[in-house]
Amino acid sequence: MYTVHPRNDECFYLRLLLVNVRGPKSFAHLKTVNGHQCQTYREACQLLGLLENDSHWDLTLADSVVSSNAYQIRTLFAIIITTCFPSQPIQLWNKYKDAICEDILHRLRIQTNNPDIQITDEIYNEGLILIEDTD
């Protein structure tokens, strides 16, 4: 059987299922776990326990929030997203987006001389753009 790089998402998860599920009858059968029809092969792999959960990445980011600045947290988040393939990156983003964008909020407060400015979707978008631009 050929190897598949993890970046080739669905093919990688399909291969993982083919190696671990005995006697599949169809592609739909591969996506069915305990009577639940999964939307993707990845979801089926998660339900079967074939993938690690994101607790490691969650703890890594939590530690970084305590000891690092927003730029460093943003860089770490970008590395995790691009090289570690967390199963639920949106949940990690939602949990740590305030810490990731803290420097952007601080800069805006100084620029406008308004310490009462609160974080907004525009600030989050700027944070996402900076993550996307991370090399």
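Modeller: Helices (H or I, at least four residues) and strands (E, at least two) are DSSP runs, numbered from the N terminus. By that rule, N34 is found in the loop between strand 1 (32–33) and strand 2 (36–37). This is a predicted model, where local features need pLDDT of at least 70, side-chain atom pairs count only at pLDDT 80 or more, and totals for chains, interfaces and linings use all residues. Residues are numbered from 1 along each chain as its sequence is written, and side-chain values use heavy atoms, with hydrogens and water left out.

Biologist: Why is N34 called exposed?

Modeller: Buried means under 20% relative accessible area, exposed over 50%, and partly exposed in between (1.4 Å probe, protein chains only). N34 has 81% relative accessibility, so N34 counts as exposed.

Biologist: What is the phi of N34?

Modeller: The phi of N34 is positive, about 50 degrees, although N34 is not a glycine. Most residues other than glycine have a negative phi.

Biologist: Where is N113, and what is its phi?

Modeller: N113 sits in the loop between helix 7 and helix 8. Its phi is near 55 degrees, a positive value in a residue other than glycine. With 68% relative accessibility, N113 counts as exposed.

Biologist: Which residues of helix 1 are buried, and what puts them on the same side?

Modeller: Y13, L14 and L17 are buried in helix 1. They cover an arc of only 105 degrees around the axis, so they are on the same side of helix 1. The arc is that of the directions from the helix axis to the C-beta atoms. An α-helix has 3.6 residues a turn, so residues three or four places apart point the same way.

Biologist: What do the buried residues of helix 1 pack against?

Modeller: They pack against helix 2 (27–30) and helix 3 (41–47), where contact means heavy atoms within 4.5 Å.
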